Amino acid sequence: MSNARPLPPSLSHLRTSTAEPDRVAYARDLWPRHHLSVRAGRVANHRPARIVWPASTAEVVEIVRYARDTGTPLVPFGAGSGVCAGVLPTHDAIVLDLKRLDRIRHIETGGPWVDVEAGHMGVPFEEKLEREGFTLGHFPSSILCSTVGGWIAARSAGQCSGRYGKIEDMVLSLECVTGEGEVLEASARTSGPSLVPFLVGSEGTLAVITAAKLRLQPKPRVRAFAAYHFASTEKGWDAMRRLFQAGLRPAVARLYDPFDAMLARQGSVKRAKSKGEVAPGLGGGVLRTLLKSPGVFNGLIDGLGTHLLGPAQLVLVFEGDQLEAATDAAEARRMLEAEGAEYAGEGPAQKWFLHRYSVSYRQAPVFAAGLFSDTIEVATTWEKLGDLYNGVRAALGQHVFVMAHLSHAYPDGCCIYFSFAGSAQRGRGAAEDAGWDAACEATYDAAWRAALRAADAAGGTIAHHHGVGRSKAPRLREEIAGGVEAFAALKRAFDPAGILNPGALVPEPKPDPYAISLASAPAPGGAS
Amino acid sequence: MLCEVSADTPLAELEAFLGTQGCSLGVGAIEATVGQWIAEGAPGARDPFADPADHLLAGLRGVLHGGRTVEIRPCPRRAAGPDFAGLFFGQWKRFGDLTSVWLRIAALDAPATRRPMPLAWERNAKLNAGEQKLLGAIERELRK
């Protein structure tokens with residue numbers, strides 16, 4: 001039962017709920033560790049006291065001022081697709097769901113730019129822009145279940161970042177409500193002071209983003225698809241580097257290591273042949289057994305090598321007008337073949353494009369089979385990419401089965417996206433005795449600790465586009481020296497009462513009844 | 001390609017050195033140190049809106065006026081909270097001073113941007129009252 005205090009009569013016009021189904025629905029985002037909790041029977045432990053659905057910036061101001069005056073934690077909420085526990089309400093918190101702020105206020109065709117409210121969902125937003133002849137150029141894998149405000153708050157990246165950049169490259173100005181309950185219009189500037197760099201990526205901790213002016217691009221008239229094979233992943237990323245440093249800007253450039261490429265060749269999401277097939281079965285049992293010894297499994301895959309798994313595969317998509325896309329695709333082919341790449345036709349790239357949002361739907365059967373899966377996206381400069389790739393892969397590989405692809409390339413570096421799957425690893429001691437799910441959680445935490453430590457040691461960033469939330473918060477201090485103290489100063493300036501999403505980005509100093517600290521937990525089995 | 005350079009290096013000196021290595025920042029003759037140039041928002045540098053995949057400033061080390069050191073290791077992009085480079089870039093030394101920076105450089109014969117993307121937008125709009133108030137508050141809090 002909710003312990004929400006009654007709202008004053010002055011706020012009676014707000015749409016709000018303290019009903020149990022709503023509190024359960026808003027108790028979490030899509031952090032995979034939550035899935036483990038649910039599987040273990042701990043359903044929606046982080047239920048907020050109340051949910052409010054404002055329909056205007058003025059209503060956001062009202063609820064923020066109420067929260068400030070009463071010291072009530074306030075958690076801004078888009079569509080809940082975050083994967084780092086950016087949403088983890090405490091029992092006294094109000095969740096502020098912004099999806100009713102869903103208007104396009106204006107499209108400036110001469111800019112071109114758009115003024116859009118933060119709660120607009122991704123797909124309908126892009127569809128509206130395309131009907132007007134434009135694109136934002138932002139296509140995150142979560143586009144079906146994420147909002148414009150969520151993209152900005154988490155510093156998101158889309159699949160076409162090679163041409164259009166990340167979301168921070170699209171923000172011209174932001175309308176937001178500070179923790180003081182004041183409306184702020186913050187503009188990006190190229191040669192002057194700007195608050196936009198602080199607000200983008202602030203994950204609801206500094207202000208509630210209510211609208212944004214975002215640059216637009218003409219809707220592309222054509223796309224040119226191509227795929228290339230490389231003898232090794234390293235040769236592939238060296239070719240990606242050369243493409244971007246030569247000034248080419250493929251909208252999509254994704255390099256898959258041999259195992260990931262083999263999976264991509266075999267197909268995307270497989271539909272169940274009959275009802276109920278997603279339940280744990282023989283395949284799940286075999287996987288559970290194999291993943292108890294991930295080091296052996298990873299070694300086996302490595303041992304197969306490219307002669308059995310096949311080559312590393314680079315997928316490229318150029319887009320724009322007819323001449324631009326064709327010219328750049330031809331130039332890329334000339335460069336890549338000169339580097340020894342084998343042209344693999346348009347098919348693999350078209351296949352990827354067709355299934356580009358499907359990967360998010362692979363997770364549920366994995367958890368249902370008693371396993372777990374997750375992803376970590378790290379980045380660094382080209383010079384350190386090998387150390388980062390090998391370091392994180394080796395660290396994860398002690399605990400889970402791991403594969404990788406490289407996406408989001410830039411002239412000075414690249415993002416590596418590791419996907420991993422695991423189960424209750426052998427030798428988890430007390431956790432193993434406590435049961436399968438507890439042992440899975442112990443393995444999951446150990447894998448994450450090892451991966452983040454390895455990313456830091458290799459000089460990489462712990463997050464390229466998923467954000468920090470609470471799952472990576474204990475590592476922010478190592479990533480940016482002085483960053484935690486600087487953030488605290490920003491927090492006091494934007495949100496003096498400390499009501500906005502407390503605990504995200506930087507762990508709360510006071511005990512949090514719901515917090516799970518990955519930093520303080522002991523390393524099970526001493527193996528991390 | 002990146003170069004790490006001390007903030008007190010004259011920009012012209014840096015460009016001359018890069019030229020001997022076959023590289024350039026692509027900046028004309030500007031009389032300023034690298035630190036001053038970055039603090040003023042790198043006037044004359046390539047327009048960040050022209051090529052969204054490319055950034056000038058990849059990392060930095062600086063000291064805030066309150067005495068704390070901030071170090072951002074070079075990386076093309078990150079999503080690790082707010083962009084703390086914003087404490088220095090374009091802030092005209094309001095919050096602190098740079099010690100060194102990592103800058104993206106290009107080969108002299110490589111065009112940094114093959115096809116600039118046009119944008120009609122006021123890139124340096126006048127600060128409004130809300131922005132001024134918050135910049136002042138941040139300045140005070142950073143000194144604590």
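A: We may begin with a pair of strands. Strand E3 (residues 57-64) of chain B and strand E4 (residues 69-72) of chain B run antiparallel and share four bridges; strands are DSSP runs of E with at least two residues, helices are runs of H or I with at least four, and both are numbered from the N terminus. Two strands count as paired if DSSP finds at least two bridges between them. This is a predicted model, in which local features need pLDDT of at least 70 and side-chain atom pairs pLDDT 80 or more, while totals for chains, interfaces and linings use all residues. Residues are numbered from 1 along each chain as its sequence is written, and chains are lettered from A and ligands numbered from 1 in the order in which they are written.

Q: Which residue stands opposite Val70(B)?

A: Strands of a sheet pair through backbone hydrogen bonds, either parallel or antiparallel. Here Val70(B), in E4(B), faces Gly62(B).

Q: What is the strand order of the open sheet?

A: The five strands are ordered E19(A)-E4(B)-E3(B)-E5(B)-E1(B), with antiparallel pairing. At the edges lie E19 (480-481) of chain A and E1 (2-6) of chain B, each pairing on one side only.

Q: How many bridges join E19(A) and E4(B)?

A: Two bridges join them, in the antiparallel sense. Ile480(A) has Ile72(B) as its bridge partner in E4(B).

Q: How many residues does each chain bring to the contact?

A: Residues are in contact if their C-beta atoms, placed from the backbone, lie within 7 Å. Chain A brings 68 residues and chain B 59. On the chain B side, E3, E4 and helix H3 (129-143) each supply at least two residues, and H3(B) gives the most, with eight.

Terms used: Contact = placed C-beta atoms within 7 Å.
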